[in-house]
Amino acid sequence: MRSFKSHLSLTEQARSHGEEMEHVIIAAFNGKSRSPVSIPIGVGRAIQSVLEKQYHVKGPASSLGQDNFPVSSEWAQFWEPETVPGSTRTPKTDIILGKDRVSVKMGASQLMSGGVNESTAVFYAAADKIRGAKRRLLNEIETQISNLAPSSVAKGPLAGEIKKGKDRVVMAANSAHKVLQTLMRETFEANPNFATYFVHEAITGDVKFGTKSPARANKVLSVNEKGTKIGWYDADNAGFLAKVAGQAKVTVRFKTTSVKSGGSKTGAYRFWSVVALIVNKMDEEFTEFEKQAPYLSEGKVKDVLVGIYDKLKNFVVELWDGIKAFLARGVKYIMEFLDMEPVVSHHEYIDIMGDVNVPFEMGGSPMYGDVHKKPSEIMKP
């Protein structure tokens, strides 16, 4: 097994050689007679010849000239409350050939870099693009929250029945939480489109930088070291992305989180915070009722109880209205609400023209058959 230092050294060597390949390709497209790096200019010219003759690729060629690109606001939200680190703002575009923004892959190349947080952000970007996923989750959360509203108190000693009512809310909440977590797993773990959306974002930076950003790659150039084996791919093409996804072996599982402060889970937009608010509201209403009960007739007691349950139902409706906009922002916020966190696993290296699979785990788009269509028009639910 390679040591971490050895692995890092090999990664740096591959990156250095890959950058040299980029420079020699740029030199060839711009008509230079000599290579600015150790790779012969003839290698660059061979690649240029294939790209021009077979794929009608034209110059001029240039490097992007910037290592730290601004990211989109949509991407930045995946890192909240932190800011996006400069080290993860590296563009997906390596070189520009004419109007094409090209990611250059030489041999076995990393699918993505940036560590655990980068992988988690790519998950959220991919998850939000799966048609119908967010809507299904929101609808089920609304149903489960609505079902937490107590409906009645049975006949019997009032204090005991009220306690049973609160206990039933907590039991229903436990059941609802399990249902919602199961739905989250089913939505992504078994979804055949998720891996392709994940790979698309990892390769192009579509959400990360925005569709029109120079840092967002729209083509992939794959070459071997001698420039004798060349592949030119549309980074939004369904077939290409399926091939990469097949090599990457992307899978996702979920772990539960528990943010606590003073022994209780914090945050207004958390499932158990909502449950606590409902139970506290019941306490408040019934404490006041118990003070009045000795002075009320039997008929009046029933009227007051009906009024209390109407208040509780309205309270739950208002609670949902208060959190719905937060959850509708995306899957990230739904997962925070449910105290869940994604752990994404995939092969670290891919060789588009070969078959290199190195297992790698990191914790926590779309294949456009026609690039002129939106993902929602291409992907099936």
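Figure 1. Ile95 belongs to strand E2, in a structure that is a predicted model. With a relative accessible area of 0%, Ile95 falls below the 20% limit and is therefore buried. Apart from neighbours within four places in sequence, the contacts of Ile95 are Glu22, Ile25, Ile26, Ser62, Asp100, Arg101, Val102 and Val104. The C-alpha atoms of Ile95 and His23 lie 8.7 Å apart, although 72 residues separate the two in sequence.

Figure 2. The loop between helix H3 (73-76) and E2 contains Thr88. Thr88 has a relative accessibility of 6% and so counts as buried. Its side chain reaches the backbone oxygen of Pro85 at a distance of 2.9 Å.

**Figure 3. The open sheet of 5 strands.** The strands follow the order E1-E2-E3-E5-E6, and their pairing is mixed. Strand E1 (61-63) and strand E6 (230-234) are the edge strands, each with pairing on one side only. From one strand to the next, the twist averages 30 degrees. Within the sheet, strand E3 (residues 100-106) and strand E5 (residues 219-223) are parallel and share 5 bridges. One of the residues involved is Met106, whose bridge partner in E5 is Val223. Helix H2 (residues 41-55) lies across strand E2 (95-97), E5 and E6, and runs at about 45 degrees to E6.

**Figure 4. Helix H9 and its buried side.** Helix H9 spans residues 238-248, and its buried residues are Phe240, Leu241, Val244, Ala245, Gln247 and Ala248. These residues lie on the same side of H9, because they cover an arc of only 160 degrees around the axis. Among the elements that cover them are helix H7 (194-204), E5, E6 and strand E10 (340-350). At the N-terminal end, H9 is capped by Asn237: a side-chain oxygen of Asn237 lies 2.9 Å from the backbone nitrogen of Gly239. Just after H9, Lys249 has a positive phi of about 55 degrees.

Figure 5. Of the 11 residues in E10, 10 are buried, so by the 20% limit the strand is mostly covered. Strand E4 (residues 109-110) runs antiparallel to E10 and is joined to E10 by 2 bridges. In this pairing, Gln110 has Tyr349 of E10 as its bridge partner. E7 also pairs with E10 in the antiparallel sense, over 6 bridges. Here Arg253 stands opposite Val343 in E10.

**Figure 6. Aromatic rings around Phe188.** A pair of aromatic rings is described by the distance of the centres and the angle of the planes. The count for the model comes to 14 aromatic pairs. One of them is Phe188 with Phe194, an edge-to-face pair with 6.4 Å between centres and 70 degrees between planes. Phe188 counts as buried because its relative accessibility is 1%. Phe194 has a relative accessible area of 2% and is therefore buried. Phe188 also pairs with Phe254: the ring centres are 6.4 Å apart and the planes stand at 55 degrees, so this pair is tilted. Trp75, Phe78, Phe123, Tyr124, Phe188, Phe194, Phe198 and Phe254 form one aromatic cluster.

**Figure 7. His177 in helix H6.** His177 is placed in helix H6. Its relative accessibility is 9%, so His177 counts as buried. Leaving out residues up to four places away in sequence, His177 touches Phe271, Trp272 and Leu338. Between His177 and Asp339 there are 9.7 Å from C-alpha to C-alpha, while the two are 162 residues apart in sequence.

Methods:
Residues are numbered from 1 along each chain as its sequence is written. This is a predicted model: local features need pLDDT of at least 70, side-chain atom pairs count only at pLDDT 80 or more; totals for chains, interfaces and linings use all residues. Side-chain values use heavy atoms; hydrogens and water are left out. Two strands pair if DSSP finds at least two bridges between them. Helices (H or I, at least four residues) and strands (E, at least two) are DSSP runs, numbered from the N terminus. Axes are lines fitted to C-alpha atoms, for helices over the stretch in contact, and angles run from 0 to 180 degrees between N-to-C directions. Contact means heavy atoms within 4.5 Å. Buried means under 20% relative accessible area, exposed over 50%, partly exposed in between (1.4 Å probe, protein chains only). The arc is that of the directions from the helix axis to the C-beta atoms. A polar contact is a pair of N or O atoms within 3.5 Å; within protein, one must be able to donate a hydrogen and the other to accept it, and residues adjacent in sequence count only if both atoms are side-chain atoms. Rings of Phe, Tyr and Trp (its six-membered ring) pair if their centres lie within 6.5 Å; planes under 30 degrees apart count as stacked, over 60 as edge-to-face and the rest as tilted.
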